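Here are my notes on this one, written as numbered points. Keep the viewer open while you read, and find each residue as it comes up.

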Amino acid sequence: MSTTITVTSAAELNQALSQATGGETILLAAGDYGTLNTGASYASTVTIKSADANAPATISAMKLNGASNIAFEEINFDYTFGGEPKSYKPFQIQNSSNITIDNSTFSGDWATGVSPTDDGYGWGMGLHVRGSSDITISNNEFSDWLKGMNIGSSSNVTVSGNDMHSIRSDGMYLDGNQGVLVEGNYIHDFERSLNSGDHGDFIQFSKLLGPSSDIIIRDNIIDMGSGDYAQAIFMGSGKVNPDDPSNFYTNVLIEDNMIYNGHTHGITVSGAKDLTVSNNTVVAVPGLLTGGVSIPKINVSSASQNVTIDQNVVSSVTGYNGQSDWNVTSNVFIQNTNPNASGYYDDVFTYHATGANDGYNQFGVKPGSAIDNLNAGSDLAQQFPMSYDNWVGTATTGGGNSNTQPDSGITLPDSGITQPDSGAIKPDSGTTQPDSGTTQPDSGTTQPDSGTTQPDSGTTQPDSGTTQPDSGTTQPDSGTTQPDVGQSTQMVFDDFVLDIRTLLSQDEIALRGDTTVANTGSGPAIQFDGNDDYVNMGRLEEFESSSQLGFTVEFTRDEADGSSQRLVWNHKKIGLVLKDDGLIVNVANNDAKFHKGFKAKDIGLNDLDKHEITVLVDEDADRLQVLVDDQVVIDETGVDFDFTSARNRDWTLGSQWGSDIDGEVSAFAIDDEVEFINTTVLDDTLIA
């Protein structure tokens with residue numbers, strides 16, 4: 001049974017933490033609790049929370065070292081400048097695991113009495129994380145810092161729903177991490193010391209601690225607003241050779257971000273493998289619509305491998321020169337000298353708000369424009385006009401769900417200063433990075449570039465696939481035993497049946513990583529070890545225009561650890577993921593974003609048994625049905641499904657995006673004629 005403890009002083013808080021074993025909630029009465037230092041490790045989560053959210057408790061400094069299973073809610077982490085060095089880190093998480101900070105504030109302070117270029121600007125670092133795992137920073141506000149957060153040498157990091165503003169240098173700095181989700185953040189209105197030697201990045205990755213992998217940067221709003229320009233999404237090379245594959249970022253997805261800026265580095269990736277940059281809107285703010293490097297671009301280093309850059313709205317893409325493993329298609333190029341550009345901003349945008357007049361930017365899409373016709377750019381533009389303040393913090397953490405979009409109407413501070421781009425403002429790795437092109441007047445200082453300015457990549461990456469139950473039909477004897485739904489449906493899945501027995505000799509189907517095929521007691525099976533393994537089955541064009549789709553998969557976990565496993569994926573069309581003891585099915589629709597998904601929880605999938613999962617969907621009937629071991633777990637009829645309009649991409653078992661398969665697939669088949677089952681949905685099924 002959980003216990004709730006109310007404390008009123010730092011001494012009482014420390015006593016409560018020393019006596020807790022796991023599961024307790026410690027409520028902090030209003031007041032200043034000073035410095036919190038702990039290395040406590042608990043069997044389950046201990047929550048430290050303000051007793052009254054309207055009168056939050058204050059912690060003035062914190063160091064967690066070797067701690068685990070601690071959650072903070074509605075706390076004011078408040079730093080007051082006291083002459084500390086610029087690199088001061090008042091709030092630190094080191095060598096810790098399962099730490100969450102939610103619905104809190106990180107309030108920084110301005111320097112005084114230091115120097116003309118420092119006084120009146122943010123000082124210190126809001127949050128510093130090193131050598132930790134399973135860290136969630138969600139729905140917080142960061143303001144008045146030199147740097148908002150610095151996260152390095154850590155794994156399974158989620159940064160979602162945060163409001164970050166009034167930052168002098170870097171909003172988010174990430175380095176040497178494995179498994180990162182940056183989603184649904186509002187990063188805006190930086191206050192930079194333009195005459196100093198520092199530089200600014202809204203979101204920066206570096207390689208000083210080693211290259212990061214399994215990265216998703218999605219659904220963020222980056223708006224220069226009435227503040228100063230900075231690099232928007234910058235993944236630099238640090239001090240290493242960006243063309244060296246051993247130093248590449250791997251498995252990177254950058255999608256659906258809305259960027260309003262005055263810097264050439266709109267989205268820059270220096271040296272990457274398996275990179276997708278898709279459906280981002282990258283535009284210059286009013287007053288910076290012509291010429292020079294102040295126009296934000298997508299830049300990806302040309303040595304990058306397996307790159308997809310598609311359906312973006314941007315002035316230009318650099319780095320692509322015909323590489324065979326790059327796919328650069330369906331981008332809308334606007335407002336530049338490219339003869340293939342689709343036109344000027346006025347031809348494609350409706351201005352709901354502009355920084356100069358409103359202090360923030362919201363460019364909607366004109367019906368019938370090139371953006372509209374290609375379904376390019378960020379889905380966030382479809383929500384305008386809306387309130388950014390209401391929107392931020394509504395994200396659901398964990399990567400499978402989308403943000404609830406708020407209503408409209410925020411009036412943001414005015415001014416909208418338009419800053420020319422320096423063109424070479426690079427992350428603080430210190431290396432001089434090539435710029436995107438022309439030299440842009442900056443604040444006056446030449447900033448070292450952390451990575452080469454490379455054109456953006458964009459391989460179409462499989463998303464979080466799903467394990468699908470088997471349709472239950474007897475499949476052609478390719479050697480695979482096809483799951484059988486027998487009593488549930490008479491469907492036969494025979495349009496495409498994966499021939500596992502001969503998989504190693506099939507040229508048209510590729511085994512990635514160290515995926516293997518093995519003979520088991522019940523027949524051949526594809527074995528995945530949970531480390532970048534997947535099977536690419538190609539585009540399967542016979543299903544591209546099918547208004548009905550059904551697939552079935554037979555899967556066995558190697559470990560009952562509840563991990564997310566992307567089993568079947570066709571990016572932005574249809575997919576299936578195992579998560580905890582249930583599953584998530586993603587289907588393109590007109591009511592919500594693709595990655596929102598439909599969930600079935602607590603249905604017995606977190607074990608080592610073989611399970612058959614079948615997914616059936618009909619966009620004309622607007623019905624989705626999911627079966628697990630002959631039982632219907634999802635039966636959705638209230639959504640406008642629309643997957644035929646989604647671009648056809650590769651079908652995969654497993655994914656390059658993390659959440660790798662750890663187990664066996666013993667059968668997989670697809671059909672484009674579905675027969676739904678009339679039965680009762682399990683009580684514990686719910687829609688995300």
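1. Start with Phe598, which is buried because its relative accessible area is 6% (buried means under 20% relative accessible area, exposed over 50%, partly exposed in between, using a 1.4 Å probe and protein chains only). Phe641 counts as buried too, at 2% relative accessibility. The ring centres of Phe598 and Phe641 are 5.7 Å apart and the planes sit at 55°, so this pair is tilted. Rings of Phe, Tyr and Trp (its six-membered ring) pair if their centres lie within 6.5 Å; planes under 30 degrees apart count as stacked, over 60 as edge-to-face and the rest as tilted. The pair links distant parts of the chain: Phe598 is in strand β47 (residues 598–600), while Phe641 is in the loop between β50 (631–636) and β51 (651–654), 43 residues apart.

2. A word on what you are looking at: this is a predicted model, where local features need pLDDT of at least 70, side-chain atom pairs count only at pLDDT 80 or more, and totals for chains, interfaces and linings use all residues. Residues are numbered from 1 along each chain as its sequence is written, and side-chain values use heavy atoms, with hydrogens and water left out.

3. How far should you trust the model? The chain averages a pLDDT of 82, and 81% of the residues score at least 70; pLDDT is the predictor's confidence in each residue, from 0 to 100. Over residues 395–489 pLDDT stays under 50, and the model has 471 contacts beyond four places in sequence for them (contact means heavy atoms within 4.5 Å). Residues 680–688 also stay under 50, with 28 such contacts beyond four places in sequence. Where pLDDT is low, the predicted coordinates should not be read in detail.

4. Now the whole chain. It has 5 helices and 52 strands; helices (H or I, at least four residues) and strands (E, at least two) are DSSP runs, numbered from the N terminus. Of the 688 residues, 61% count as buried. Among contacts between residues at least 6 apart in sequence, 66% join residues at least 24 apart.

5. Look for the open sheet of 11 strands, with parallel pairing and the order β3-β6-β9-β12-β15-β18-β21-β24-β27-β30-β33. Two strands pair if DSSP finds at least two bridges between them. The edge strands are β3 (35–38) and β33 (317–318), each pairing on one side only. Inside the sheet, β9 (residues 91–94) and β12 (residues 125–130) pair in the parallel sense over 3 bridges, and Ile93 has Val129 in β12 as its bridge partner.

6. Some parallel pairs to trace by hand: β28 (residues 272–278) is joined to β31 (residues 305–310) by 5 bridges, with Ile309 in β31 as the bridge partner of Val277. From β31, 3 bridges lead on to β34 (residues 326–329), again parallel, and there Ile309 stands opposite Val328.

7. Which rings does the stacked pair use, and how are they placed? The structure holds 23 aromatic pairs. In one of them, the rings of Tyr79 and Trp145 have centres 5.7 Å apart and planes at 20°, so the pair is stacked. Tyr79 is in the loop between β8 (76–78) and β9, and Trp145 in the loop between β14 and β15 (147–152), so the pair ties together parts 66 residues apart in sequence. Tyr79 is buried at a relative accessible area of 3%, and Trp145 is buried at 0%. Both belong to a cluster linked by ring pairs: Phe72, Phe77, Tyr79, Tyr88, Phe91, Phe106, Phe142 and Trp145.

8. Is Ser143 buried or exposed? At 11% relative accessibility, Ser143 counts as buried. Ser143 lies in strand β14 (residues 141–143). Leaving aside residues up to four places away in sequence, Ser143 touches Phe106, Ser107, Gly108, His165, Ser166 and Ile167.

9. Ile298 deserves a look as well: its place is in strand β30 (residues 297–300), and Ile298 counts as buried at 0% relative accessibility. The C-alpha atoms of Ile298 and Gly266 are separated by 5.9 Å, although the residues are 32 apart along the chain.
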